[in-house]
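Me: I have a model on my screen and would like to learn how to read its packing. Can you take me through it feature by feature?

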Amino acid sequence: MYDYDLLVVGSANADLVVGVERRPGAGETVLGGDLAVHPGGKGANQAVAAARLGARAALLARVGDDGHGRLLRDSLRSAGVDTAAVLTGGAPTGVALITVDPSGDNSIVVSPGANARLTEDDVRAEVLGAARVVSAQLEIPPATVAAVVRALPEGTRFVLNPSPPRPLPGEVLAACDPLVVNEHEARVLLGDEETGGTGEPGEVPADPADWARRLLALGPRSVVVTLGAEGALVCDASGVRAVPSVAVAAVDTTGAGDAFTAALAWRLGAGEELPVAAAYAARVGAAAVTRRGAQESYPTAAEVAALDA
């Protein structure tokens, strides 16, 4: 019997957001609007998204002994996330400093803070063993993610969103079931971030189905490529299949990828096949973009069901 449907191992940040008429140039000071502080971080986002859907979710993360850390703990608990494995100390809570101009374009500087102090020693087998599925991202040290993979009990499924993207060791790739990437992450992992499929030798093909097949050849057990409003592609040994999304009026895409990954991981743990779980995750992501913000935009299961009505 598992204590959790989903254990997320990852980051927890405070997002400090200021609206500006224009972003400053080098050496320039501009006045902005009022500071807004929101709970964020890809790990915390995933845990909250899963809990809002009804999953028994927990987070293994590290925050500072400060106001931002208390904000994050309170936000997680209010969403129903188990915070017993949220550790405290080592550095101030991670923060993302975000300026947003009237067009919605933003500039972000992330100070990892305590996220960078989530170490291999913090990965405890008894916590991993309490979950059907373990999900991770790359806003924590890569060595910690590798330690998670090595400590996974047999039968526990591992889901990875490699964000921010970087090359992955073979042992991590081999554990992914699935590896979940967007277009940018796919290009980085395949070694070609910039080109768009013009036929130059060695570049990444422009067809996302080709990305999925090439990513699968790197070693993961399955791959999901998210395509925003176009839905997603799933790829495993049986081939590549398209998963449609739901047409909605998008307001803000912030954190939608985290909601998708959380929903996917939860439904896979419940025994759904990859295409079915991905189709549900696409609906969750679609619901999330209809409201502003990240965690505050995440839907309940009833709100997701309403998209199909």
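**Reading the model**

Reply: Start with a proline: Pro 178 is found in strand 10 (residues 176–181). Helices (H or I, at least four residues) and strands (E, at least two) are DSSP runs, numbered from the N terminus. This is a predicted model, where local features need pLDDT of at least 70, side-chain atom pairs count only at pLDDT 80 or more, and totals for chains, interfaces and linings use all residues. Residues are numbered from 1 along each chain as its sequence is written, and side-chain values use heavy atoms, with hydrogens and water left out.

Me: Is the peptide bond from Asp 177 to Pro 178 cis or trans?

Reply: Read omega. The bond from Asp 177 to Pro 178 is cis, with omega near 10°. A cis peptide bond also joins Ser 163 and Pro 164, with omega about 0°. Pro 164 sits in the loop between strand 9 and helix 5.

Me: At what angle do the axes of helix 1 and helix 8 cross?

Reply: Axes are lines fitted to C-alpha atoms, for helices over the stretch in contact, and angles run from 0 to 180 degrees between N-to-C directions. The axes of helix 1 (residues 42–53) and helix 8 (residues 256–269) cross at roughly 55° and come within 8 Å. Angles under 35 degrees count as roughly parallel, over 145 as roughly antiparallel, 65 to 115 as roughly perpendicular and the rest as oblique. Helix 1 and helix 8 are therefore oblique to each other.

Me: Which residues of helix 1 and helix 8 make the contact?

Reply: Contact means heavy atoms within 4.5 Å. Helix 1 contributes Lys 42, Asn 45, Gln 46, Ala 49, Ala 50 and Leu 53. Helix 8 contributes Asp 258, Ala 259, Thr 261, Ala 262, Ala 263 and Trp 266. The residues of this contact divide into seven nonpolar, three polar and two charged. Here Ala, Val, Leu, Ile, Met, Phe, Trp, Tyr, Cys and Pro count as nonpolar, Asp, Glu, Lys and Arg as charged, and the others, Gly among them, as polar.

Me: How do helix 8 and helix 9 pack?

Reply: Their angle is about 145°, with the axes 8 Å apart. The contact of helix 8 with helix 9 divides into 15 nonpolar residues, one polar and one charged.

Me: Is Ala 281 buried or exposed?

Reply: Buried means under 20% relative accessible area, exposed over 50%, partly exposed in between (1.4 Å probe, protein chains only). Ala 281 is found in helix 9. Its relative accessibility is 0%, so Ala 281 counts as buried. Ala 281 touches Phe 260, Ala 263 and Leu 264, not counting residues up to four places away in sequence. For contrast, look at Gly 27, in the loop between strand 2 (13–19) and strand 3 (36–40). Gly 27 is exposed, with a relative accessible area of 89%.

Me: How many residues does the largest nonpolar core have?

Reply: In soluble globular proteins, nonpolar side chains tend to be buried together. A nonpolar core is a set of buried Ala, Val, Leu, Ile, Met, Phe, Trp, Tyr and Cys residues joined through side-chain atoms within 4.5 Å. The largest one has 47 residues. Those with the most contacts inside it are Leu 59, Leu 76, Val 81, Val 224, Phe 260 and Leu 264. Helix 9 supplies the largest share of this core, nine residues. A second, separate core of 44 residues includes Leu 7, Val 9, Leu 138 and Val 145.

Me: Which residues of helix 4 are buried?

Reply: In helix 4 (residues 142–151), Thr 144, Val 145, Ala 146, Ala 147, Val 148 and Val 149 are buried. The partners they pack against include strand 1, strand 8 (131–136) and helix 5 (170–175).
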